[in-house]
Amino acid sequence: MTQRERFENICGSFPFCMPMHTYADGGFRDADTKRAWAIWQAACPEGYSLVPTRITAESGHKYALMGEFSEPVTLTCPDCDTEEPDEHCEICNGHGEYEQSVAIEWSTIKRIHDRIVSASAPPGAPC
């Protein structure tokens, strides 16, 4: 959904933005709606999204994000000799190493989110 669509969905329910008549070029006719749209664009320009500055388990983020992200880790096969791996090994298929998917920890997800938020202020944003 574009910022314009979000704006129209939210602002359309407030009396000061009504009516949401537009010109042929898409500009709003009503002065209050024009002002509200300008403020909206300044606060959250196209390509940006409002997100909480901190994600928490209480807000539902932990439930939504845990287990969604993983990375492959190469491990040494516990059943094979590292010098001469068993070609019939069911774990590594004779390679001596195997790849296992490991979930990204919640604390790492929170640190990544914090870094994204701190580095992503909209251009010219006051905050």
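**Reading helices, cores and salt bridges**

Modeller: Let's begin with one packing detail: the buried residues of helix α2 pack against α1 (3-11). Keep in mind that this is a predicted model.

Colleague: Fine, but give me the layout before the details. How many helices and strands are there in the protein?

Modeller: Four helices and two strands. Going along the sequence, they come in the pattern α-α-α-β-β-α.

Colleague: And what share of the 127 residues is buried?

Modeller: For burial, look at relative accessible area: under 20% is buried and over 50% is exposed, with partly exposed in between. By that reading, buried residues make up 17% of the 127 in this protein. The exposed surface comes to about 9600 Å², with carbon and sulfur atoms supplying 53% of it.

Colleague: Which residues of α2 are buried?

Modeller: T33, A36, W37 and W40. If you look down the axis of α2, these buried residues fall within an arc of 100 degrees, so they line one face of the helix. Turn to the other side of α2 and you find I39 and A42 exposed.

Colleague: Which residues make up the largest nonpolar core?

Modeller: A core like this is a set of buried nonpolar residues joined through their side chains. The largest one here has six members: F7, C11, F28, A36, W37 and W40. The biggest contribution is from α2, with three residues.

Colleague: Now α4. Which of its residues are buried, and which are exposed on the other side?

Modeller: Helix α4 has 14 residues and a reach of 20 Å from first C-alpha to last, close to the 20 Å expected at 1.5 Å a residue. Its buried residues are W106, I109 and H113. Viewed down the axis of α4, they sit within an arc of 60 degrees, so they too line one face of the helix. On the other side, R111, R115, S118 and A119 are exposed. The cover over the buried residues of α4 includes α3.

Colleague: On to charges. How many salt bridges does a search of the whole structure find?

Modeller: The idea is that side chains of opposite charge can pair when their charged atoms come close. The search finds two salt bridges. In one of them E8 pairs with R4, and their closest N and O atoms are 2.5 Å apart. E8 and R4 are four residues apart in helix α1, which puts about one helical turn between them. E8 is partly exposed at 31% relative accessibility, and R4 is partly exposed too, at 23%.

Colleague: What about D114 and R54?

Modeller: Their side chains meet in a salt bridge, 3.0 Å from N to O. D114 lies in helix α4 (residues 106-119) and R54 in the loop between α2 and α3 (61-65), so this pair ties together parts that are 60 residues apart in sequence. D114 is partly exposed, with a relative accessible area of 26%, while R54 is exposed at 56%.

Colleague: Last one: what is the phi of N93?

Modeller: As background, most residues other than glycine have a negative phi. For N93, phi is near 55 degrees, a positive value in a residue other than glycine. N93 is found in the loop between β1 (70-76) and β2 (97-103), and at 55% relative accessibility N93 counts as exposed.

How values were computed
Residues are numbered from 1 along each chain as its sequence is written. This is a predicted model: local features need pLDDT of at least 70, side-chain atom pairs count only at pLDDT 80 or more; totals for chains, interfaces and linings use all residues. Side-chain values use heavy atoms; hydrogens and water are left out. Buried means under 20% relative accessible area, exposed over 50%, partly exposed in between (1.4 Å probe, protein chains only). The arc is that of the directions from the helix axis to the C-beta atoms. Contact means heavy atoms within 4.5 Å. A salt bridge is a side-chain nitrogen of Lys or Arg within 4 Å of a carboxyl oxygen of Asp or Glu. A nonpolar core is a set of buried Ala, Val, Leu, Ile, Met, Phe, Trp, Tyr and Cys residues joined through side-chain atoms within 4.5 Å. Accessible areas come from the Shrake-Rupley method with a 1.4 Å probe; for residues, only the protein chains shown count as cover. The expected span of a helix is 1.5 Å times one less than its number of residues.
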